[in-house]
Structures are given as structure tokens and as C-alpha cells.
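Me: Please take a close look at one helix in this structure. I would like to know how it is built and what it packs against.

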Amino acid sequence: NRFQEASQRFYKLELEEKRIVPSMRAIAWCALQQKKYDTAMRYYTKLFRIPGAPRWEDYLNGGHVAWITGDIPHALSLYHQYIKHYLTDDPKITDALEPFDKDASLLVEAGKSSREIRLMREMLQYNEKRQ
């Protein structure tokens, strides 16, 4: 849980142009954990602009940041991308929302109530069934 120290190391790698994508991903994750949501979204957005770089986890975490900061339409868009990529990564997956569920404590810690989390989950589940 030494996110500040870790993020400094990844900033250094980014500046040295070494392991740029993994560094950006790590900086975004550390920023999310430290509740530095502007920084987290800035780095997730950078990742989303690099073809082939974003993973489903990036879309999930980016969705969390957007939701935490009050941008529900953007959060929904990112969550839908996470679901699409998550299901594509492994066709045997039966519960696309399992990673979202595992992050409930992170969302609660960021100020989301259990009720809000259930409602967001229902919206994601409803949309997934429609596709």
C-alpha cells in the first residue's frame, strides 16, 4: 500500500520513456488508490488513446474514476467497454460483472453506497442482456 512511493518510480520510468504503457497503467492505478482522481483519469485517458494498449482492467478502473467523480455517462461507456473486452478475453466467462463486484469495497471507500453500487450493477447487467 505504498502507492505514493510506487507512483514516483513509475513517473521516473515514464520520463525515461521506459515501459511507457505499464508505467501509465501503474500511475493511474496508484492515483486511483490515493484518491487522486484527476490524475487517474488523465492517465487512463492517455492509455485509451494508444491503439491496443488498454486492457479490460483499464476500462473498469476508468469507469470507477468517472463514476466517483460524477460523470455517469462516461462511467457507463467505460464500464461497457470493460465488459466487452473482458468477455472477449475469455469466452468461457459466465459472469461479466464479477470484477465489478470485487471492486465494491474500493467504491464504498470512495463514497459510493451499497445501494448506488447495486443500481449501477443493475444498469450494466440490463445493458449486457440487451446486447
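Reply: Here is a close look at helix α2 and its contact with helix α4.

The model is predicted. Start with the setting. The chain has eight helices and zero strands. Along the sequence the pattern reads α-α-α-α-α-α-α-α. Of the 131 residues in the chain, 40% are buried. The chain exposes about 7,900 Å², and carbon and sulfur atoms supply 51% of that area. Take the contacts between residues at least 6 apart in sequence: 52% of them join residues at least 24 apart.

Now the helix itself. α2 covers residues 20–33. It has 14 residues and spans 20 Å from first C-alpha to last, close to the 20 Å expected at 1.5 Å a residue. The buried residues in α2 are S23, M24, R25, A26, I27, A28, C30, A31 and L32. Just after α2, K35 has a positive phi of about 65 degrees.

Next, the partner. α4 covers residues 56–68. The axes of α2 and α4 come within 11 Å and cross at roughly 35 degrees. That crossing is left-handed. On the α2 side, the contact uses R25, W29 and L32. They meet D58, N61, V65 and I68 in α4. The residues of this contact divide into four nonpolar, one polar and two charged.

The spacing of such positions has a simple background. An α-helix has 3.6 residues a turn, so residues three or four places apart point the same way.

Two residues link the two parts of this picture. R25 and L32 are buried in α2, and R25 and L32 also take part in the contact with α4.

Terms used. Residues numbered from 1 in each chain as written. Predicted model: local features only at pLDDT ≥ 70, side-chain atom pairs only at ≥ 80, totals over all residues. Heavy atoms only, no water. Axes fitted to C-alpha atoms, helices over the stretch in contact; angles between N-to-C directions. Helix = DSSP H or I, 4+ residues; strand = E, 2+ residues; numbered from the N terminus. Left-handed = near helix turned anticlockwise from the far one by under 90°. Contact = heavy atoms within 4.5 Å. Nonpolar A, V, L, I, M, F, W, Y, C, P; charged D, E, K, R; others polar. Buried < 20%, exposed > 50% of the residue type's maximum accessible area, 1.4 Å probe, protein only. Areas by Shrake-Rupley, 256 points an atom, 1.4 Å probe, with all protein chains shown as cover. Expected span 1.5 Å × (residues − 1).
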